[in-house]
Amino acid sequence: MCRNIKPLFNFEPPASKNEMHEAALQFVRKISGFNRPSQANEPAFYDAVEEIEKSVRKLLTSLDTKAPPRDREVVAAKARERARERYGTT
């Protein structure tokens, strides 16, 4: 599950709220072991997602780097190339 969490820092354009939410959701899914919580656990599950999302937003706005922003398309192309080499996919 956590393979779906992508780095969000130092990209142009910056990470969107949706990207932060998706990363928080994947993190809570991994930690809880639930892909989808039961009705009894839904409030705690989604509260945790919201809190993690807030923490992610705070972290990303607090970080600083001298490196130039990365291009999402270039990073994605490199990842596809690594996967093709590793798994022999096209």
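Is glutamate 19 buried, partly exposed or exposed? In this predicted model, glutamate 19 counts as partly exposed, because its relative accessibility is 28%. Its side chain meets that of arginine 72 in a salt bridge, at 3.2 Å from N to O. Glutamate 19 sits in helix 1 and arginine 72 in helix 3 (residues 72-87), so this pair ties together parts 53 residues apart in sequence. Arginine 72 is partly exposed too, with a relative accessible area of 22%.

Searching the whole structure turns up five salt bridges.

| Pair | N to O distance |
|---|---|
| Glutamate 19 and arginine 72 | 3.2 Å |
| Lysine 54 and glutamate 50 | 3.7 Å |
| Arginine 84 and glutamate 81 | 2.3 Å |

Lysine 54 and glutamate 50 are four residues apart in helix 2, so about one helical turn separates them. Arginine 84 and glutamate 81 are three residues apart in helix 3, again about one helical turn. Shared partners also join Glu50, Glu51 and Lys54 into one salt-bridge network.

Now for the packing. Helix 1 (residues 17-32) and helix 2 (residues 42-62) pack at about 130°, their axes 8 Å apart. That angle makes helix 1 oblique to helix 2, and the crossing is right-handed. Among the residues that meet here are Met20, Leu25 and Phe27 from helix 1, and Phe45, Ile52 and Leu60 from helix 2. By class, this contact has eleven nonpolar, two polar and four charged residues.

Terms used: Residues numbered from 1 in each chain as written. Predicted model: local features only at pLDDT ≥ 70, side-chain atom pairs only at ≥ 80, totals over all residues. Heavy atoms only, no water. Axes fitted to C-alpha atoms, helices over the stretch in contact; angles between N-to-C directions. Helix = DSSP H or I, 4+ residues; strand = E, 2+ residues; numbered from the N terminus. Parallel < 35°, antiparallel > 145°, perpendicular 65-115°, else oblique. Left-handed = near helix turned anticlockwise from the far one by under 90°. Contact = heavy atoms within 4.5 Å. Nonpolar A, V, L, I, M, F, W, Y, C, P; charged D, E, K, R; others polar. Salt bridge = Lys/Arg side-chain N within 4 Å of Asp/Glu carboxyl O. Buried < 20%, exposed > 50% of the residue type's maximum accessible area, 1.4 Å probe, protein only.
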